[in-house]
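Biologist: Hi! Could we go through the charged pairs in this one together?
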Amino acid sequence: MPDLTTLARVKRYLAIPTVNQDAVIAELIPGASRQVVKYCSREFPSVQRVAQRLSGHGGRQLMLPDAPILSVESLTVDGKTITPSSDGLAAPGYVNDDTSLLLIGSSFTKARMNVVVSWTAGFQGSEILFIPAGNTPTLGPDDWGFPAAVVSVTHVTNGAAMTQVGASPAVGQFTFVDGIFTFNTGDAGSQVVIVYRFVPSDVERAAIEMVGLDLKQRDNLGIQAKSMAGEKVTYTDKGMTASAREILKPYRRCYPA
């Protein structure tokens, strides 16, 4: 499971200018990320389900338990393969929106676990950017949220795909680490389309808040409350702030009835 944020992004949000707590923060990020995933009962930035069995309800529409749906790889109903509708309007087959499948010319027969579906769901966005000049040209797209996985990087002019490498990118290559794309100086000035899977900004913020909470409570382990300058300060022991819970409510995984 990927982390939902990075050390640099946590420090920026919490306004931590020093490196004194870097090691601790880095250790807290995976735990906060796991807690968010557990609370939401879903994975970020995306998840791929293979041959999942669902029950038909006799209607033409079937909601999937993950959203938003990015693609549907396969579908069978009662053992019969259903292909995508060729026009999405009248031709037999299936179409999908962000949350569900719709059958054209047939229905999801009412039966237990008679529907088998493979799909990919999650959060995906794209940005068109110019690679800047410099010794190590970098881009950190975040219009959609924290970039956690790469889908593709292509040149706008000719549509040529750039290749991801682990280090020292040559012309036509890039690296991707902690949400940052790094290019070769020879590609400076090129306009590229970057498609990436992202952690929504508010989900990332909830994870960062939890890291911040853990940082502050390290010195108050086991203490429920204490008096400071005549005022009583109460510490939460729930591991997640009320605001984080509120932020994450829309992202909790739904289960079809």
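Modeller: Happy to. A salt bridge here is a side-chain nitrogen of Lys or Arg within 4 Å of a carboxyl oxygen of Asp or Glu. This is a predicted model, where local features need pLDDT of at least 70, side-chain atom pairs count only at pLDDT 80 or more, and totals for chains, interfaces and linings use all residues. Residues are numbered from 1 along each chain as its sequence is written, and side-chain values use heavy atoms, with hydrogens and water left out.

Biologist: Okay, how many salt bridges are there in the whole structure?
Modeller: The search finds five. One of them joins Glu204 and Arg9, at 2.6 Å from N to O.

Biologist: Where do Glu204 and Arg9 sit in the chain?
Modeller: Glu204 is in helix α3 (residues 201-217) and Arg9 in helix α1 (residues 7-14), 195 residues apart. Helices are DSSP runs of H or I with at least four residues, strands are runs of E with at least two, and both are numbered from the N terminus.

Biologist: Are Glu204 and Arg9 buried or exposed?
Modeller: Both are buried, meaning under 20% relative accessible area; exposed is over 50% and partly exposed lies in between (1.4 Å probe, protein chains only).

Biologist: Switching topic, what does Asp66 pair with?
Modeller: Asp66 meets Arg253 in a salt bridge, 3.2 Å from N to O. Asp66 lies in the loop between β2 (61-63) and β3 (69-77) and Arg253 in the segment after α4 (242-248), so parts 187 residues apart in sequence are tied together. Asp66 is buried, at 3% relative accessible area.

Biologist: And which residues join Asp66 in a network?
Modeller: Arg49 and Arg253, through salt bridges that share partners.
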